[in-house]
Protein chains: 2
Amino acid sequence: MIQKKKHAFNLFAASKGLRSTRQRDSILDVFLSTRQHVSVEELYLKVKAGNPGVGQATVYRTLKLFVEAGLAREVLLHDGQTRYEHVVAGEHHDHLVCTGCNAIIEFENETIEKLQDEIAARHGFLIRSHKLEIYGLCSACKN
Amino acid sequence: MIQKKKHAFNLFAASKGLRSTRQRDSILDVFLSTRQHVSVEELYLKVKAGNPGVGQATVYRTLKLFVEAGLAREVLLHDGQTRYEHVVAGEHHDHLVCTGCNAIIEFENETIEKLQDEIAARHGFLIRSHKLEIYGLCSACKN
DNA sequence: CTCAAAAATGAAAATGATTATCAAAAGCAG
DNA sequence: CTGCTTTTGATAATCATTTTCATTTTTGAG
């Protein structure tokens, strides 16, 4: 799976005339080894741990490439930082965000997706992506 | 309706020990006269037109009060600016966001709301708010 | 393998939105 | 009015992100 994603990125890179570099490889490794919703800062720190010379501008730049390549997706929560999550082919999930402890619970709901398609169709709208976030308190925080 | 909202804000303000000021009144007026999804900058410019001395820090501060008072809701789209929309009691809508022309189409879907409640219940999650945004191309832009 | 062109990088400066600071002004209870 | 507290405007500070640009790497042609 990690191999598949790396391959996907290489294909993308080749098709765009992008070059293969040490820093892109290590950012990809770290990203792939990561749990969901990493911020750029978190990623930057992890990358630097294994590869001290990498600058954060490069991490920013590279994450945008991952998004273009379809490996990552931007997630904007409410903390003023852009986070990135893995894109798993054919899968889409949404988020329950706990405003108490910042936990994020993922869920999938096929019916909601279908309803979105219907709504879009009704408006002649072509869906590229969507984002559903439910804010509130998780079971631990609501008491 | 505008009267009702002003009243709501006054009640809120009173209950919080907030004072009634010229700038808050005029920011509220402008906000209420506004179409959906105003950015702070837009609001600031409009307020300044009728009331040149108002500073933008005040507009930022006051909008947060409106959110606390339940008159406004934050909407984060993809342009790096926080926007505010009116809260209409008992009504919630979501957005189709056209990435071509930045148009925003609102919609409501009762079934999606219900499904969200079910999902939350299943996770023991207490919903405070939610946000559903569908990105893509509107009928005019998709060709 | 060598080399020049093109692309990528790191460090630092720039940007843009938002927030904090603080002295002066305004609102309000008594 | 008076005095105390909140609010305000101007400006500085912050924070995430982007740009700039000189330098380093990569790559592909020869």
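Which polar side-chain atom lies 2.6 Å from a phosphate oxygen of DNA strand C? I found that it belongs to Thr82(B). I am working from a predicted model.

I listed the neighbours next. DNA strand C has 20 residues around it, and Arg19(A), Thr58(A), Tyr60(B), Lys64(B) and Thr82(B) come nearest.

Gln23(A) places a polar side-chain atom 2.8 Å from a sugar or linking oxygen of DNA strand C. Arg19(B) reaches a base: a polar side-chain atom sits 3.2 Å from a base nitrogen.

I sorted the surface by element. α2 (22-32) and α4 of chain A, with α4 of chain B, each give two or more residues. The largest share, four residues, comes from α4(B). By class I get five nonpolar, nine polar and six charged residues.

I repeated the search here. DNA strand D is surrounded by 20 residues, the closest being Arg19(A), Lys64(A), Thr82(A), Arg19(B) and Thr58(B).

A side-chain N or O atom of Thr58(B) is 2.3 Å from a phosphate oxygen. For a polar side-chain atom of Tyr60(A) I read 2.6 Å. Gly55(B) uses a polar backbone atom, at 3.1 Å.

Here α4 (56-68) of chain A, and α2 (22-32) and α4 (56-68) of chain B, each supply two or more residues. α4(A) gives the most, four. I count four nonpolar, nine polar and seven charged residues on this surface.

Notes
Residues numbered from 1 in each chain as written. Chains lettered and ligands numbered in written order. Predicted model: local features only at pLDDT ≥ 70, side-chain atom pairs only at ≥ 80, totals over all residues. Heavy atoms only, no water. Near = heavy atom within 4 Å. Polar contact = N/O pair within 3.5 Å; in protein donor to acceptor, adjacent residues only side chain to side chain. Nonpolar A, V, L, I, M, F, W, Y, C, P; charged D, E, K, R; others polar.
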